Amino acid sequence: MISSAGGEQMTRGISDRLSGLRLIQSGIGATIALLGPLTASALADEGGISYWLPGRFSSLSATPQVPGWSWAEVYYHTTVSASGAVAAAREIQIGRFSPTVNVNFNANLNAQADLLLLNPTYTFATPVLGGQLAVGVTGIFGRSAATIDGTLTTGFGPFATTRTGSIGDSITSVGDLYPQATLKWNAGVHNFMTYLTGDIPVGAYDPARLANLGIGHAAIDGGGGYTYFNPATGHEFSAVAGFTYNFKNQDTQYQNGIDFHVDWGASQFLSKQVFVGLVGYAYQQVTDDFGQHPALGGFRSRVVAIGPQIGYLFPVGDLQGYLNLKGYGEFDAANRPAGWNTWLTFSISPMAPTSTVAPTRRMVTK
């Protein structure tokens, strides 16, 4: 606990800093969602590719924001690996094997991606349904690379074919667009939100490639979240959950199942400018894919992750600047590779004017 003598000063200092803070609400979309563009590097669903990017939301996600324009940039890196069915699914998807043959899974997939996510957002001053409405869009640019090596044996009747070696691919281009709208409410230390986002499939995508920066189909995702924040103690906890509905990929006639995800973050403010904490996520596909190879079954994916975070707030002229670094180590993966990923966020937002408005009503998300 913070002493009563310093509590009021810290409460005011933290609130003043947070009131100007405006962080990306993505993974990718981000951010962000995804962001599904990490093809081989965010494996799940079709060939191991999901729209939602776990880790998109974290601390202070549901807190209201300062009205006006804000801008966030995120550098995202991920390195992952997988074997068995995930690697075989990617070979089947890119046409290496006919979906009518039997496949013996004995291959490994390794992938990494380096992406830059850009997220302009506008927050309205006029209340909507008693809450605060914000709309934005996330675009991405970067590089994705993947390799598959090992042995895959296919059989058709009495005949069998064995492939041993390595397949590699990489791409540097732009990805899909990810629009998002949020509606947030504040009640003292309690904050609530609902959101709607999705995928506009305009990014670089070729169903015959091992690496892409688009997912080849549209998707829609929605959910809600909660943030507890007490400026007097500096304690904060946030959780956001949602579902993704994926539309059919018309190039492959494949449709991913419905995905469920939870992102969370917990932090402690050490001063009015610095906080530290933990972040994590859980991702679970809840319905089967349609159009997959029979040997893959429902091909439902799952992954869990946890890691550290640190944030720093600072003035940029008349604006508020913010830096955040967070990382996740993944485990308990199924039909999806385990690995690690890091997010470096820099954002600029309006600085809240000094007034008698309750501080928690002027905070923003990251």
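This passage looks at the confidence of a predicted model, and then at its nonpolar surface patch and its aromatic pairs.

The chain has a mean pLDDT of 80, with 71% of its residues at 70 or more. Among its elements, strand β7 (residues 190–199) has the highest mean pLDDT, 98, while helix α1 (residues 4–19) has the lowest, 51. Over residues 1–7 the pLDDT falls below 50, and this stretch makes six contacts beyond near neighbours in sequence. Residues 355–366 are also below 50, but here the model shows 53 such contacts. Where pLDDT is low, the predicted coordinates should not be read in detail.

On the surface, a nonpolar patch is formed by Y75, L270, V276, I310, Y312, L323, L325, L344 and F346, which together have about 760 Å² of accessible area. Strands β12 (302–316), β13 (319–334) and β14 (338–350) each contribute at least two of the patch residues. Y75, another member of the patch, belongs to strand β1 (residues 68–83) and is partly exposed, at 37% relative accessibility.

Aromatic pairs number 16 across the whole structure. One of them joins Y51 and Y178: the ring centres are 5.9 Å apart and the planes meet at 35 degrees, so the pair is tilted. Y51 sits in the loop between α1 and β1 and Y178 in strand β6 (residues 178–187), 127 residues apart. Y51 is buried, with a relative accessible area of 0%, and Y178 is buried with a value of 0%.

F192 and Y226 form a tilted pair, with 5.4 Å between centres and 50 degrees between planes. F192 is in strand β7 and Y226 in strand β8 (residues 219–230), so this pair ties together parts 34 residues apart in sequence. F192 is partly exposed at 39%, as is Y226 at 26%. Finally, ring pairs link F229, F269, F275 and Y322 into a cluster.

Methods: Residues numbered from 1 in each chain as written. Predicted model: local features only at pLDDT ≥ 70, side-chain atom pairs only at ≥ 80, totals over all residues. Heavy atoms only, no water. pLDDT = per-residue confidence, 0-100. Helix = DSSP H or I, 4+ residues; strand = E, 2+ residues; numbered from the N terminus. Contact = heavy atoms within 4.5 Å. Patch = residues over 30% accessible without salt bridge, like charges linked within 9 Å, V, L, I, M, F, W, Y side chains within 5 Å. Areas by Shrake-Rupley, 256 points an atom, 1.4 Å probe, with all protein chains shown as cover. Salt bridge = Lys/Arg side-chain N within 4 Å of Asp/Glu carboxyl O. Buried < 20%, exposed > 50% of the residue type's maximum accessible area, 1.4 Å probe, protein only. Phe/Tyr/Trp six-rings, centres within 6.5 Å; stacked < 30°, edge-to-face > 60°.
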